[in-house]
Amino acid sequence: MAKTKTSIVFCHGIWADGSSFSKVIPALQTEGFEVIASQYGLDTLKGDVATVTHTLGRVSSPAILVGHSYGGTVITAAGTDDRVAGLVYIAALAPDEGETSQSQINGYPTTEVFSHIEIADGRIWMRPEGVAHFAGDLSEQEQQIVWATHFAPAADLFDQKIKGTAWKSKPSWYIVANKDRTVQPELQRFLAKRMGAKTFEVESSHVPMLSSPKLVTDVIRSAANAVQESTATK
């Protein structure tokens with residue numbers, strides 16, 4: 001019987017959308033992976049997780065969830081779905097029961113990007129000068145695109161909780177961005193160690209999928225293949 005190739009569902013962070021994975025999606029599609037980016041509204045954590053759950057219904061199982069930044073919080077909850085076989089975290093948050101995205105960030109020194117934000121209309125916007133702290137290792141033109149396509153989360157999004165801690169039961173991979181000025185690298189290392197993830201480090205800003213797409217693609221491919229082999233032997 002032919003093995004079912006693992007599908008891949010991407011989950012974006014705040015100040016972003018699915019286009020933040022535009023440099024890794026084509027390579028994975030070329031290799032025959034079924035790939036989709038979940039586009040959620042950053043209104044409520046519960047709503048964002050529900051969107052990912054709906055998105056899982058559009059691809060074959062088993063699936064890998066790939067979460068960047070706040071997307072790590074999303075996949076930590078959504079990953080408890082039986083269709084999910086593995087998790088890939090990219091410079092991401094990963095709350096345990098009782099924790100929130102904000103409580104994890106508060107445990108470490110505030111990063112530079114949060115000095116360049118503005119709350120308006122109930123949402124947290126990144127000022128134009130903030131993109132240098134978010135994606136500073138991209139070209140000026142690419143930084144401008146990142147800012148132009150950024151979307152602001154609800155002001156209380158990081159304080160919201162939802163049940164489910166998938167990394168306690170699903171195999172996990174973690175990419176630490178060593179030059180991150182949005183999520184502290186030390187927090188990333190702590191989270192990777194706590195979940196027992198297979199960990200990779202890259203000299204990157206907060207957006208390694210844009211600045212180091214080959215490494216990110218390699219890690220996702222490795223995770224997908226490992227999950228495929230694991231499910232094939234069950």
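Which residue forms a salt bridge with K168, and how far apart are the closest N and O atoms? Select K168 and D96: the two form a salt bridge, and their closest N and O atoms are 2.8 Å apart. A salt bridge here is a side-chain nitrogen of Lys or Arg within 4 Å of a carboxyl oxygen of Asp or Glu. Side chains of opposite charge can pair when their charged atoms come close.

This is a predicted model, in which local features need pLDDT of at least 70 and side-chain atom pairs count only at pLDDT 80 or more, while totals for chains, interfaces and linings use all residues. Residues are numbered from 1 along each chain as its sequence is written, and side-chain values use heavy atoms, with hydrogens and water left out.

**Stop 1: K168 and D96**

Keep the pair selected. K168 is in the loop between α6 and β7, and D96 is in the loop between β4 (84-90) and α4 (101-106), so the pair links distant parts of the chain, 72 residues apart. Helices (H or I, at least four residues) and strands (E, at least two) are DSSP runs, numbered from the N terminus. K168 counts as exposed at 53% relative accessibility, whereas D96 counts as buried at 19%. Buried means under 20% relative accessible area, exposed means over 50%, and partly exposed lies in between (1.4 Å probe, protein chains only).

**Stop 2: other salt bridges**

The count of salt bridges comes to 11. Select R221 and E31, whose closest N and O atoms are 2.8 Å apart in a salt bridge. R221 lies in helix α9 (residues 213-232) and E31 in the loop between α1 (25-30) and β2 (35-38), so this pair ties together parts that are 190 residues apart in sequence. R221 is partly exposed at 24% relative accessible area, and E31 is partly exposed at 33%.

Next, select R189 and E186, whose side chains meet in a salt bridge (2.5 Å, N to O). These residues are three apart in helix α7 (residues 185-195), which means that R189 and E186 are separated by about one helical turn. R189 is partly exposed at 26%, as is E186 at 48%.

**Stop 3: aromatic rings**

Rings of Phe, Tyr and Trp (its six-membered ring) pair if their centres lie within 6.5 Å; planes under 30 degrees apart count as stacked, over 60 as edge-to-face and the rest as tilted. By this rule there are seven aromatic pairs. Select W125 and F151: their ring centres are 6.2 Å apart and their planes stand at 85 degrees, so the pair is edge-to-face. W125 lies in strand β6 (residues 123-126) and F151 in the loop between α6 (140-148) and β7 (172-177), so the pair ties together parts 26 residues apart in sequence. W125 is partly exposed at 30% relative accessibility, and F151 is partly exposed at 34%.

Now select W15, F114 and F134, which form one aromatic cluster.

**Stop 4: M126**

M126 is found in strand β6. Is M126 buried or exposed? M126 is buried, with a relative accessible area of 2%. Leaving aside neighbours within four places in sequence, M126 is in contact (heavy atoms within 4.5 Å) with residues including W15, F134, W147 and H150. Select A152 as well: M126 and A152 are 26 residues apart in sequence and 7.4 Å apart in space, C-alpha to C-alpha.
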